[in-house]
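Take a look at the model below. Then read on for a short tour of its parts.

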Amino acid sequence: GLIAQLDEFVWRRSAETISEWKKRLGISVPVSVNLSRAEMYDPGLIDTMDNITGENGITTKDMYLEITESAYVSDSDQIVERVKALREHGFFIEMDDFGSGYSSLNMISELSVDALKLDMMFIRSAFDKHNDTRMISIVIDIADYLGVPVIAEGVETEEQYQYLKSIGCEMIQGYYFSRPVPAEQFKDIIIGN
């Protein structure tokens, strides 16, 4: 029962870091934060996010909101409406863990999201011993048709990177580029130290 407190702690700490980077570096570096399924039912969610961004002098464009694909499955109408309201309020919405097995093609066409984040296990299994990457290509084609960029998570090898790049995956993240680093070390990477 502590997920709401943990979520809010993470949101606040992220907003403080974004604000600090804006002041010290003079640039906005958006940070993605997760919203749990429980948070999506909170009628005060938008007010909470407004308070957090306002208190830290950042905008809704500075903090991206990630909602897992599985959150859309249960009571999807209410979730879709909440996501729509968050987008209308100016937040950038990412569907996280896409390809983990819950979505239907019909649901994808109805979603109000700004980006699809391909699940790390979806990427790994496509490049395993069967090396069958057709589904990744199909998902990217569908997302392209819907006008939604795709972010591939968990990319670890040159082969994965080159293939994803060749089929038009717009954003790629994973250990291929860097392991997770503390905020201070990331700040040094941003400014080129």
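## About the model

This is a predicted model, in which local features need pLDDT of at least 70, side-chain atom pairs count only at pLDDT 80 or more, and totals for chains, interfaces and linings use all residues. Residues are numbered from 1 along each chain as its sequence is written, and side-chain values use heavy atoms, with hydrogens and water left out.

## The sheet

Start with the strands. Helices (H or I, at least four residues) and strands (E, at least two) are DSSP runs, numbered from the N terminus. Two strands pair if DSSP finds at least two bridges between them. Here six strands form an open sheet in the order β1-β2-β3-β4-β5-β6, and the pairing is parallel. At the edges are β1 (31-35) and β6 (171-172), each pairing on one side only. Strand β2 (residues 63-68) runs parallel to β1, and five bridges join them. In this pair, V33 stands opposite L65 of β2.

Now move to β4 (residues 115-118). Three bridges pair it in the parallel sense with β3 (residues 93-98). E94 faces A115 of β4 there. Three bridges also link β4 with β5, again in the parallel sense. L118 stands opposite A152 in β5. Side chains in a regular strand alternate between the two faces of the sheet. Both faces of β4 are covered: A115 and K117 are buried on one side, L116 and L118 on the other. Buried means under 20% relative accessible area, exposed over 50%, and partly exposed in between (1.4 Å probe, protein chains only).

## Helix α1

Helix α1 covers residues 3-25, 23 residues in total. From first C-alpha to last it reaches 32 Å, close to the 33 Å expected at 1.5 Å a residue. The expected span is 1.5 Å times one less than the number of residues.

Which residues of α1 are buried? They are D7, W11, S14, A15, T17, I18, S19 and W21. Their cover includes β1, α2 (37-40), α3 (45-55), β2 and α9. Contact means heavy atoms within 4.5 Å. After α1 comes G26, with a positive phi near 75°.

Helix α4 (residues 76-88) has 13 residues. At 1.5 Å a residue it should span 18 Å, and its end C-alpha atoms are 18 Å apart, which agrees. Its buried residues are I79, V80, R82, V83 and L86. Seen down the axis of α4, these fall within an arc of 165°, so they line one face of the helix. The arc is that of the directions from the helix axis to the C-beta atoms. The face turned away from the buried side carries the exposed residues D77 and E88. Just after α4, G90 takes a positive phi of about 110°.

In soluble globular proteins, nonpolar side chains tend to be buried together. A nonpolar core is a set of buried Ala, Val, Leu, Ile, Met, Phe, Trp, Tyr and Cys residues joined through side-chain atoms within 4.5 Å. The largest one has 40 residues, and L86 and I136 touch the most other members. Leaving out residues up to four places away in sequence, L86 touches L35, M40, L45, I46, L65, F91 and I93.

## Two buried loop residues

E153 sits in the loop between β5 (150-152) and α8 (158-166). Its relative accessibility is 11%, so E153 counts as buried. Beyond neighbours within four places in sequence, E153 contacts D96, D97, K117, L118, D119, M120, I123 and Q173. The C-alpha atoms of E153 and F98 are separated by 9.7 Å, though these residues are 55 apart along the chain.

T133 lies in the loop between α6 (120-126) and α7 (134-146). T133 has 12% relative accessibility, so it counts as buried. Residues up to four places away aside, T133 touches A126, F127 and Y163.

## Aromatic pairs

The structure holds six aromatic pairs. Rings of Phe, Tyr and Trp (its six-membered ring) pair if their centres lie within 6.5 Å; planes under 30 degrees apart count as stacked, over 60 as edge-to-face and the rest as tilted. One of the pairs, Y161 and Y176, is stacked, at 5.0 Å centre to centre with 20° between the planes. Y161 lies in helix α8 and Y176 in the loop between β6 and α9 (183-191), so the pair ties together parts that are 15 residues apart in sequence.

Is Y161 buried or exposed? Y161 is buried, with a relative accessible area of 17%. Y176 counts as partly exposed, at 28% relative accessibility. Y161, Y176 and F177 form one aromatic cluster.
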